[in-house]
Amino acid sequence: MKFEILSKHLETVSTDCLVIFTFEKEKGDLDLIFPAGKFGNLKDQIKDGIKFEDFKGKMGQVLNFQTYKKILAPKILVLGLGKKEEFDQNSLRDAISILSKKTTDNMASIALSLSELANLVDLDRTILAQVVSEGILLGNYNFFKYKSKKTSIKTFELVILSELNKNSQLKLREGIKLGEIYARATIVARDLVNEPSSLVTPLYLAKFATELAKKKTEIKCKIYDKEEIEKMGMGAFLGIAQAAGSDVMPKFIYLEYIPKNPSSKKKLAIVGKGITFDSGGISVKTGDSMQTMKMDMAGAAAVLGVFSVIEQIKPTYPVMGIIAATPNLISAKSIVPGDVVKAMNGKTIEILNTDAEGRVTMADSLSFAVKNGATEIIDLATLTGACMVALGEDIAGLFSNNKILSEKILKASESSGEKVWEMPLTKEYKKLNKSDVADVSNIPSTRYGGAITAALFLEEFVDNKPWAHIDIAGPAFAEKEYSLGPKGGTGFGVRFLLNLLNS
Ligand code: BES
Ligand code: ZN
Ligand code: ZN
């Protein structure tokens, strides 16, 4: 798949089809966003044609027209963008992505112009081009690696943007490049989530991080093995990892991006939950609820996705990537309810349910971030089913002790199209995490407000540093096909994190 910017009007571009946008309208003539150029009576023919079809310009809706040699391209596709009042860059990303899934054999190349849209909707051409490239690349994503019958899906080979203005061309080029970076990083995360846990073990993640750092001078990587994890005093992480024992050794993964000339004293830590498979442990899950639990490392996958492109985004401050990787399994060596473990920051945790393992491993990851001088911490974790009850499958829960940080995250996610909703870190609920025997219990005394009590548990380990926790249990894994991709890992979090690093 290649993008090309051409200094030509669309009607003179040699391509399989032109794509023309339209906003949705219930009644009357649609507002076709017709590009500049000589289209003769094609414009009227298309307008007339639309009247005879059930085509309202709804998001992702496509209508096909032959051009009968009136212009160079044999076909024009009219693509619906949804309602104009609701339009933003996320609508364009979705619409283009849906279109890219409908690619057929005679659509190897498409051409479009963003100028008219840019003038109508007050969005920068860089952003428009970025979401076009993201939409096409993410919409074409699939995971067919384990299908023995080779299923290939059709993709555009060439996407041409027509733009005559030199300055605008520069913007488009920049946008396309950013979109490619964002999509590539998202796909890294999707693949890691979609691979089975038999492949994506802690060692696999560790090797992945090591390889990443090898290729880039700005990135350092250190992998801590079990003995070193012990030495660091990570009793909580080790408690969860002990069931797998020597069959699947835990790995503590530390990545650090160091800019050439840091501009501030800021040091950001991005922490990802890295449970490579969550069986629930001794507090075993049901068969059904275990089916997708290879996705319990989606937070870690997002961290690795970000680090796979971070040197191209060039944040001006150091960024740490932190992952405690282990499966949560069952064996004679399993941690059991009633056991007490001690985290790296000295706090003791009573384990009352081994299926609340994520927060226990994160206790050590967060303590490590603090100990390593993080001035700001963001964690991503597929932490609670309760967050899905609260916000559904598409929306992540955001919990933060710092207004400035949470605002930044909300803004970054608004433009990435990843839905995030802020939830309260209600102090009064802290007592629900009390333990009779240890400093804190790994499950609260009530199941109500489970996403909040889980976040409050994590807060015990951030030492009052500015911190935001994002519970991605819902959106990390799509249970059905959606506009930007197929069923499976979504790479959720990668793009808003990149927005954050890029601002
Ligand atoms: N990994 C799960 C949370 C989860 C559930 C993620 C569904 C994605 C989809 C987590 O480790 C877990 O099992 N949490 C328990 C906590 C409970 C025992 C307090 C839960 O949510 O039921
Ligand atoms: Zn669990
Ligand atoms: Zn889990």
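Partly exposed means a relative accessible area between the cut-offs for buried, under 20%, and exposed, over 50%. Keep that in hand for this tour of a predicted model.

**Stop 1: the zinc ions**

Select the zinc ion (ligand 2). Which residues coordinate this ion? Asp278 gives an OD atom, Asp355 gives both O and OD, and Glu357 gives OE. The distances run from 2.0 to 2.2 Å. Turn the view around the zinc ion (ligand 2). Its six donor atoms make angles of 72 to 168°, and the site is irregular. Along the chain, the donors are spaced as D-x76-D-x1-E. The pair of Asp278 and Asp355 links distant parts of the chain, 77 residues apart. Asp278 sits in strand β10 (residues 268–278). Asp355 sits in the loop between β13 (348–350) and α12 (358–371).

The zinc ion (ligand 2) and the zinc ion (ligand 3) are 3.2 Å apart. Asp278 coordinates both.

Show the protein surface. Asp355 has a relative accessible area of 23%, so Asp355 is partly exposed.

**Stop 2: Asp296**

Select Asp296, in the loop between α9 (287–290) and α10 (298–307). Asp296 is buried, at 2% relative accessibility. Show its side chain together with that of Lys273. A polar contact of 3.1 Å joins the two side chains. Then display the contacts of Asp296. Leaving out residues up to four places away in sequence, Asp296 touches Lys273, Gly274, Ile275, Asp278, Glu357 and Thr382. Two names return from the first stop: Asp278 and Glu357 are both among the residues that coordinate the zinc ion (ligand 2).

**Stop 3: the sheet**

Switch to cartoon and select the open sheet of eight strands. Read across in the order β8-β9-β11-β10-β14-β18-β15-β16. The pairing is mixed. Which strands stand at the edges? They are β8 (219–224) and β16 (420–422). Each has a single partner strand, so one side of each lacks a neighbour in the sheet. From one strand to the next, the twist averages 20°.

Strand β15 (residues 396–400) runs parallel to β16, and three bridges join them. Pick Leu398: its bridge partner in β16 is Glu422.

**Stop 4: helix α16**

Select α16 (residues 494–501). How many of its eight residues are buried? Eight of the eight are, so the helix is largely enclosed by the rest of the structure. The buried set is Val494, Arg495, Phe496, Leu497, Leu498, Asn499, Leu500 and Leu501.

**Stop 5: two positive phi angles**

Select Tyr68, in the loop between β4 (62–66) and β5 (75–80). Tyr68 is not a glycine, yet its phi is positive, at about 45°. Tyr68 counts as exposed, with 63% relative accessibility.

Finish at Asn464, in the loop between α15 (450–459) and β18. Asn464 has a positive phi of about 60°, again without being a glycine. At 72% relative accessibility, Asn464 is exposed.

Key
Residues numbered from 1 in each chain as written. Chains lettered and ligands numbered in written order. Predicted model: local features only at pLDDT ≥ 70, side-chain atom pairs only at ≥ 80, totals over all residues. Heavy atoms only, no water. Donors = N, O, S within 2.8 Å, 3.2 Å for Na, K, Ca; no water. Tetrahedral: all angles 85-135°; square planar, octahedral: opposite > 155°, others 65-115°. Helix = DSSP H or I, 4+ residues; strand = E, 2+ residues; numbered from the N terminus. Buried < 20%, exposed > 50% of the residue type's maximum accessible area, 1.4 Å probe, protein only. Pairing = 2+ DSSP bridges. Axes fitted to C-alpha atoms, helices over the stretch in contact; angles between N-to-C directions. Polar contact = N/O pair within 3.5 Å; in protein donor to acceptor, adjacent residues only side chain to side chain. Contact = heavy atoms within 4.5 Å.
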